[in-house]
Amino acid sequence: MFPWPVLTLLVASGISSVLAASCFSNLSSKQFTNCQVIAPTFALHWTANSSVIVFGVDVDIPSNSNSWVGLGVSQMGGMFGADLWILLKNSTTGKYYIQDSFASSTLTPVADVQQDAFLLTAPPASATNTVFTFMRPIKTCDAADYEIVEGVAHHIVYAWGQSTTAFGYHGPTDRGNTVLTLLSASLNSTAGVQKEKAQKAVHKLQLSSSLQSLEIRFPNVTVPSQMTSYLCVHFEVPSDQKYHVVEFEGIVTTSVVHHMIMYGCYQKPASFGDVYDCARMESACSQVPKYRLPVTNSPTLSFIVTLAWVPGAGMQVYPAEAGFAIGTGVSAIKYFSLQIHYNNQDYLQNLIDSSGMRIFYTTQLRPNDIGVLTLGSQEIRIPGNSPNYTSTPWSVCPSGCTQQFTQNLTVVSNGFHMHALGYNVTTRQIRNGKELRPLGVRSYYNFYYQGSSPPDDSNTVIMPGDTLLTQCYFLPTERIRTNATKFGESTNDEMCFNFVTYYPAMPNIGVCLGNSKQGMASCSTEANLVTLNSSTALIGVAKGWIVSAPFPSFANYTPPVCKQSFSRNIYVPNGGTNLSFDRLILVLWVFAFVF
């Protein structure tokens, strides 16, 4: 039986025009199970099941003019590589339609060959706001679309504007990004079970008054009056004993905070509390001079990515079985650098910011420490003024290293790190001569949208004997740089790392970096590796700190055949403020599934 009352709400939802975007002002809570005001002028409503997701959009922009509204899913929050759904008005007929698009650059998005977004109700004429609804299948099997994954927090991008043509530039202010879980995990799913277990573990600590908090914030810094800036500050956490961080959240005091990252420092920094330009963060994170290791010829590292915050992230909770160790102990970190990226689009002056992070930690230690395994390549040679993309050789973390792992490692997240020329990065996983699903992929890397992301498979583990291959691609330098770019700490240099967060932490291995020319890999901790020199290199080989790293032979991974979640072929005409018969059938069919 079709839910006729629901259909009536859908058709009538755009008739009223309440000024100022707010949840359920122009769209019904009976129709949509979720709503978030993602910007002061943008209220996003949605409801979803395993087949389709239906969006309801309410934006403070008049629909009786040449308005357009864009919404989409991005890998990390930027327009580059975003799957976009754009409400446009046909300049000839005056009717609205939805265009399924993809942004392969930061320029105008291109319409997909396969159109998978369908306008359900077009916006009625209004001088105050634009209200409309549309749907898209959860999985389309289109390479230009992202799947809406159950239980995963997706990076959402949005923009709006007015143009005399079908589509125009949104400007620096009429856009934004946030993080939302569009399809909630069912309680019996792996993601749902893990999430509930983690939340219950934290709640138990709260009830027993065993949860402490620490705010790590900037000391009232004046934000530079420029579009983009990166500032850092060093700090020390309690180190009288070992603690476990079990969750963390961002503290934001101004609207210009773009994202925040906490880097763990291997050594004690030279100073604490002094705000400085992050271009020298890596070198400032340690007082120990950097040098190249024998045999592999790799520079030593001074930092690792630990915690990251992006807009909309909310409280980040670690798995119930593990905590991030701070204070004392082999796996614990007590020195950090907090980096804040400011996006001051209006070039505001005399703006004071004291943003940062709030970490929650406990003395009730969990069974496992969370560790960070550094993968990647330092063999970076990017020619100047080149029209071509440049890649690193595959950096091999060989089975000779992972055989030293004493047990399986449960992967929590990938933390990819490159600089301004970074284009994409991949870590592949080989087991028993067969390639598995990639450990991590960032197909559209953007230096300005960094952070960590979970593996596609929530059950991903690294087993002893596995081989891990990491490679980075870099943008052409033509009309960008005339000088060659090599590995280095400055933002004008480049890097290629994947900081893999996992548990249980391995006290004796934190780095696995291969060198293709030498056919060797570093496989130990920074503390061990910095003790080696040319005369003691053989000792490192004998101890397994330096191992052979040939490129392995394996059968390539074949992804499973994709099956669309919503495969019924129904034609829906573009535009129009009234429902056609075809659109009426689609509305009925969709909402029969959703409700």
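A salt bridge is defined here as a side-chain nitrogen of Lys or Arg within 4 Å of a carboxyl oxygen of Asp or Glu. By this criterion, E215, R217, E249 and R358 are linked in a network of salt bridges, and a search of the whole structure finds eleven salt bridges. The model is a predicted one, in which local features need pLDDT of at least 70 and side-chain atom pairs count only at pLDDT 80 or more, whereas totals for chains, interfaces and linings use all residues. Residues are numbered from 1 along each chain as its sequence is written, and side-chain values use heavy atoms, with hydrogens and water left out.

The protein chain contains seven helices and 39 strands, taken as DSSP runs numbered from the N terminus (helices: H or I, at least four residues; strands: E, at least two). Of its 595 residues, 55% count as buried, where buried means under 20% relative accessible area, exposed over 50%, and partly exposed in between (1.4 Å probe, protein chains only). The chain exposes about 25300 Å², of which carbon and sulfur atoms supply 52%; accessible areas come from the Shrake-Rupley method with a 1.4 Å probe, and for residues only the protein chains shown count as cover. Among contacts (heavy atoms within 4.5 Å) between residues at least 6 apart in sequence, 74% join residues at least 24 apart.

Although E215 and R358 are 143 residues apart in sequence, their C-alpha atoms are 4.4 Å apart in space. Polar contacts are pairs of N or O atoms within 3.5 Å; within protein, one atom must be able to donate a hydrogen and the other to accept it, and residues adjacent in sequence count only if both atoms are side-chain atoms. The side chain of E215 makes such a contact with the side chain of R358 at 2.8 Å and with that of R217 at 3.1 Å. Leaving aside neighbours within four places in sequence, E215 is in contact with I251, M357 and R358.

R136 forms a salt bridge with D83, the closest N and O atoms being 2.8 Å apart. This pair links distant parts of the chain, 53 residues apart, with R136 in strand β9 (residues 130–137) and D83 in strand β5 (residues 82–89). R136 counts as buried at 0% relative accessibility, and D83 likewise has a value of 0% and counts as buried. In the salt bridge between K200 and E196, the closest N and O atoms are 3.5 Å apart; both residues lie in helix α2 (residues 190–207), four residues apart, or about one turn of the helix. K200 is exposed at 55% relative accessible area, whereas E196 is partly exposed at 34%. For E147 and K139, the corresponding separation in their salt bridge is 4.0 Å; E147 is partly exposed at 38%, and K139 is partly exposed at 26%.

D58, in strand β3 (residues 52–59), is buried yet has no salt bridge, and the nearest side chain of opposite charge, K89, is 16 Å away. For this assignment, Lys and Arg count as positive and Asp and Glu as negative, while His and the chain ends are not counted. A polar contact of 2.8 Å joins the side chains of D58 and N26. Beyond its neighbours within four places in sequence, D58 has contacts including S22, T41, H45 and N129.

A nonpolar core is a set of buried Ala, Val, Leu, Ile, Met, Phe, Trp, Tyr and Cys residues joined through side-chain atoms within 4.5 Å. The largest has 66 residues, of which F324, I326, L338 and Y342 touch the most other members. Apart from it lies another core of 33 residues, among them F42, V69, L71 and W160.

Most residues other than glycine have a negative phi, and most peptide bonds are trans. A cis peptide bond, with omega about 0°, joins Y503 and P504, and P504 is found in the loop between β36 (497–503) and β37 (511–515). F24 has a positive phi near 65°; this residue is found in the loop between α1 (4–12) and β1 (34–39) and is partly exposed at 34% relative accessible area. N432 has a positive phi near 55°, is found in the loop between β30 (422–431) and β31 (434–435), and is exposed at 76%.
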